Amino acid sequence: MRLSGEIFPPGDKSITHRALMLNAISYGKAKISHALLSEDIYATISLLKALGVKITMDNDSLTVIGNGFEGLMPPDKLLDCRNSGTTARLFLGLLSGLNFSSALIGDSSLSKRPMGRVVKYLNQLNGIITLTDNNYLPAKIFPSEIKANEINLDVKSAQVKSAILLAALKNPDISIIHEISPTRNHTELMLKYLGADITVNDLSIFVSGKKKLSASDIIVPGDISSAAFFIVGCLIVPDSEIVIRNCGINPTRTGILQVLDQIGADYEIKNRRTVCNEAVGDIYLRYTKNLRPFRLDKELIPLLIDEIPVLALLATQIEETSIIRDALELRVKESDRIKSVKETLTSLGADIEELSDGFVITGKSKLRPNTVNTYNDHRISMMLKIAKLLCNNLNIINPDSDKISYPDFENDLKKLLK
Ligand code: S3P
């Protein structure tokens, strides 16, 4: 058994959320092609529809008709973000500074994830929001007038940054946002694409609502965070060789390629191109013997944050010790991913030490089957399905959460298995 053949990863989740939201606050009609159609995206679609935005679906394309912020209508129900952190954080910004009130709720996992990190900055822009226990959903957003301001972020989070951008667009004066280190910049690139008044200078973003956004068709690249499962699968199953076509390779997302360089994996990127301001390419990858251990820390972490569970699995199959540090953010994802990765991989026989902000993983371990829980976390579920390639009788409890970001994951994996 090996992985072989080509794969087209599903549309990028972060970009699909933004294509929907940003076109909804633009003027005109836009078609979003190769959109991701998954549970998290359905949450964003249902919120926009509750705000009166017209969205239609045809195969994997979505059509949105935007009428600017003033086209948004007061919702007649609570806005349910379900499991989607991106929906919750970005809508806190999108809904701040409108002339009506709204309320956001989420499922039990999302209701435990911190929202105060967004709201404290939205307050600096004059947004009026109340959170449960000052940090959690349900959130109530009240009418206000956004003022421009200068914001110094203290968290490396594209969701927080994007929420601030969405609020700042309501004031024609310039707001300035300073990041600590780069995080995914899809919002900035797409705002530019839609004609916004935005400039980025190193870690500082200058944005205003002076220019109206024009709805524009968007072709969504494949999601490298979804492709990551096959990348690791290919590197842990001998004789594998795959091509990942049409994959997003925006440098703020390709930390995993830096890991491939560190470990000495045999890969190449061909057919590099730019599509709707985003870098795209085809990744050719081969199983490589004698990979070197890796170290992830500091600025690299935000560039591969969602790939860490599957990279931890990769580390279990590399001789010697790999280290992942500065990844405290993992504790507030869909599950506490430091705990869920440590517990699942340890129960399969891996040698993993848990740190407060990461792991020390010593390979190479022979994984043995066991019964493991996904913690209802899509990235843990898919990581375990890749681990299963090495231990056939693995029994995975709650295996359905792939639908959050990659409903066709099992089918695509089957297609690659020869
Ligand atoms: C996302 C940003 C990341 C990432 C999440 C999607 C986004 O979260 O983990 O899956 O679309 O902006 P943070 O920015 O909070 O780290």
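Me: What should I know before I start?

Reply: Local features in this predicted model need pLDDT of at least 70 and side-chain atom pairs pLDDT 80 or more, while totals for chains, interfaces and linings use all residues. Residues are numbered from 1 along each chain as its sequence is written, and side-chain values use heavy atoms, leaving out hydrogens and water.

Me: In what order do the strands of the open sheet lie?

Reply: Strands of a sheet pair through backbone hydrogen bonds, either parallel or antiparallel. Strands here are DSSP runs of E, at least two residues, and helices are runs of H or I, at least four, numbered from the N terminus. Two strands pair if DSSP finds at least two bridges between them. The order is β1-β14-β16-β15, with mixed pairing. At the edges, β1 (4-7) and β15 (266-275) each pair on one side only.

Me: How many bridges join β15 to β16?

Reply: Eight, and the two strands run antiparallel. Look for E268, which stands opposite Y284 in β16.

Me: Which residues does D402 touch?

Reply: Contact means heavy atoms within 4.5 Å. Not counting residues up to four places away in sequence, D402 touches H378, S381, M382, K385, P407, F409 and E410.
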